[in-house]
Amino acid sequence: MKYVNLLIKPASSLCNLRCRYCFYEDEAKNRVLPSHGLMSRDTAEALILDAYSAVEPGGGVSFAFQGGEPTVAGLDFFRFFADLAREKKPESVGISFAIQTNGTLLDDDWCEFLRREGFLTGLSVDGFSEAHDMHRVDSMGRGTWSRVLRAKKLLERHGVDHNALCVVTGRVARSPEQAYNGLKKLGFDYIQFIACLDPLGEERGGRPWSLTPPAYGKFLCRVFDLWYTDWERGDYHSVRLFDDYIHILLGDGAGTCATCGKCGAYFVVEGDGSVYPCDFFALDEWKMGKLPEDKLADLAKCDKARAFLLSGAAKPRECAGCKYSRICNGGCKNDWFTDDGGPHNYFCAAFRQLLDYALPRMMNIARAEARARGMR
């Protein structure tokens, strides 16, 4: 494999918060064993060595950490992991580190480590205090907005490269200006908005945090207005979905599996070494194997890996006649549902609304970027 991309769950589904909409807590509850516990150093070493064994010379390995809350595994574990990853790295292989965190356990020692080791750090922050504290709460039911702001200041003080991940709940969707401008005001130059999920197997739209397609479409259109105005005046801020669409228009391809139209971009490795094909499908029926007994190079070609790729390639029925199919690529498979007519994307109407509304301006940006690159 030219690149080995790993999404590692060093604390499994364990977390110090109790976010009401947490998709991974819900996913874990749908497994026979909800939590696979803290990753041992032996498992971490097996993972690192196997990743280097699987990658081709001149390739790269991406070590990204997520949860639950990955910092629950402790700073000593991360120091061990980073030191070993650098010690064992083949000379011809590049590596990168990233972490997605709620930020509440960060302190000066953590931030100095993240800066020194070059961890790209995603901070989970839902736009503005009211929306954030409504659902991102601790074990006592208290909001965590002030603690996240403290984490943001720590990351800035230590010069840690960081960005924002904002879950678009129904409440966030009602206030696009407050969400986008609020994250800009906090100093985030890179923002990722992701649609909030309802529990597995449950009809969507019935939870206090639920996001409906009309609300999501309206939100995306308004955020695009704000984002495009910033671009016109030279005050550019990255919004991941919009950036992906621009890159697709330029022929670069997308930076996320949700927009590139291809599943199987990475391995999920749970705390006990169990391996799955996707963060949204870390379920018993999709378990591919377990390290160190199984090898990543073999798991990439196993029956479940092939089945997962095939299921992601069977696009929603609407894609066949859609003029935006080469831009949207059917969206994330996790948003698909199936009826007698086959698969459909729950948020199809939202993405169609956005592209109907914004595509001419996306093309303007793509043309400007092409000129800047010297492309015709």
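**Aromatic pairs and charges over rings**

Phe224 and Tyr228 lie 4 residues apart in helix H9 (residues 213–232), so about one helical turn separates them. Helices here are DSSP runs of H or I with at least four residues, and strands are runs of E with at least two, numbered from the N terminus. The model is predicted: local features need pLDDT of at least 70 and side-chain atom pairs count only at pLDDT 80 or more, while totals for chains, interfaces and linings use all residues. Residues are numbered from 1 along each chain as its sequence is written, and side-chain values use heavy atoms, leaving out hydrogens and water.

A search of the whole structure gives 28 aromatic pairs. Rings of Phe, Tyr and Trp (its six-membered ring) pair if their centres lie within 6.5 Å; planes under 30 degrees apart are stacked, over 60 edge-to-face and the rest tilted. Among these pairs, Phe23 and Tyr24 are edge-to-face, with 5.9 Å between centres and 80° between planes. Phe23 is partly exposed at 23% relative accessibility, whereas Tyr24 is buried at 1% (buried is under 20% relative accessible area, exposed over 50%, partly exposed in between; 1.4 Å probe, protein chains only). Back in helix H9, Phe224 and Tyr228 are stacked, at 5.9 Å centre to centre and 20° between the planes. Phe224 is buried at 0% relative accessibility, and Tyr228 is buried at 8%.

One aromatic cluster includes Tyr52, Phe63, Trp110 and Phe119. Charges also meet rings: the charged end of Lys333 sits over the ring of Trp286, 5.2 Å from its centre, and that of Arg361 over the ring of Tyr357, 4.9 Å from its centre. Such a placement requires NZ of Lys or CZ of Arg within 6 Å of the ring centre and within 35 degrees of the ring normal.
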